[in-house]
Amino acid sequence: MTILLGIIAILLPVAAGVWVWKNFDRIFLKTVEIDSNDHLPIYLKKLAAVFLTTSFLLFICFQLVFIFSNQA
């Protein structure tokens with residue numbers, strides 16, 4: 001059971017990170033017109049959003065794995 005929860009705890013943040021990466025422009029940049037010299041700050045914001053999302057979910061998921069694996 002712990003192995004299955006560990007696999008889910010790894011795959012869930014990865015899936016959420018992919019979702020944030022693909023939908024970042026639609027969610028946060030609705031009305032912003034991107035100049036040719038303005039790609040780096042937007043890329044860094046996108047990377048930071050993905051990093052924060054995945055690290056937060058990874059932390060929460062592994063905490064839940066450790067909680068549920070100690071109950072056995």
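Is Y43 buried, partly exposed or exposed, and what is its relative accessible area? Y43 is partly exposed, at a relative accessible area of 43%, where buried means under 20%, exposed over 50% and partly exposed in between (1.4 Å probe, protein chains only). The model is predicted, so that local features need pLDDT of at least 70 and side-chain atom pairs count only at pLDDT 80 or more, while totals for chains, interfaces and linings use all residues. Residues are numbered from 1 along each chain as its sequence is written, and side-chain values use heavy atoms, without hydrogens and water.

Two aromatic pairs are present in the structure. In one of them, the ring centres of W21 and Y43 are 5.7 Å apart and the planes lie at 90°, so the pair is edge-to-face (Phe, Tyr and six-membered Trp rings with centres within 6.5 Å; planes under 30 degrees apart are stacked, over 60 edge-to-face, the rest tilted). This pair links distant parts of the chain, with W21 in helix α1 and Y43 in helix α2 (residues 39-69), 22 residues apart. W21 is partly exposed at 31% relative accessible area. The charged end of K46 sits over the ring of W21, 4.6 Å from the ring centre (NZ of Lys or CZ of Arg within 6 Å of the centre and within 35 degrees of the ring normal).

I3, I7, I10, L11, V14, V18 and L58 make a nonpolar surface patch of about 640 Å². Helix α1 (residues 2-28) contributes the largest share, six residues. I7 lies in helix α1 and is partly exposed, with a relative accessible area of 45%.

Notes: Patch = residues over 30% accessible without salt bridge, like charges linked within 9 Å, V, L, I, M, F, W, Y side chains within 5 Å. Areas by Shrake-Rupley, 256 points an atom, 1.4 Å probe, with all protein chains shown as cover. Salt bridge = Lys/Arg side-chain N within 4 Å of Asp/Glu carboxyl O. Helix = DSSP H or I, 4+ residues; strand = E, 2+ residues; numbered from the N terminus.
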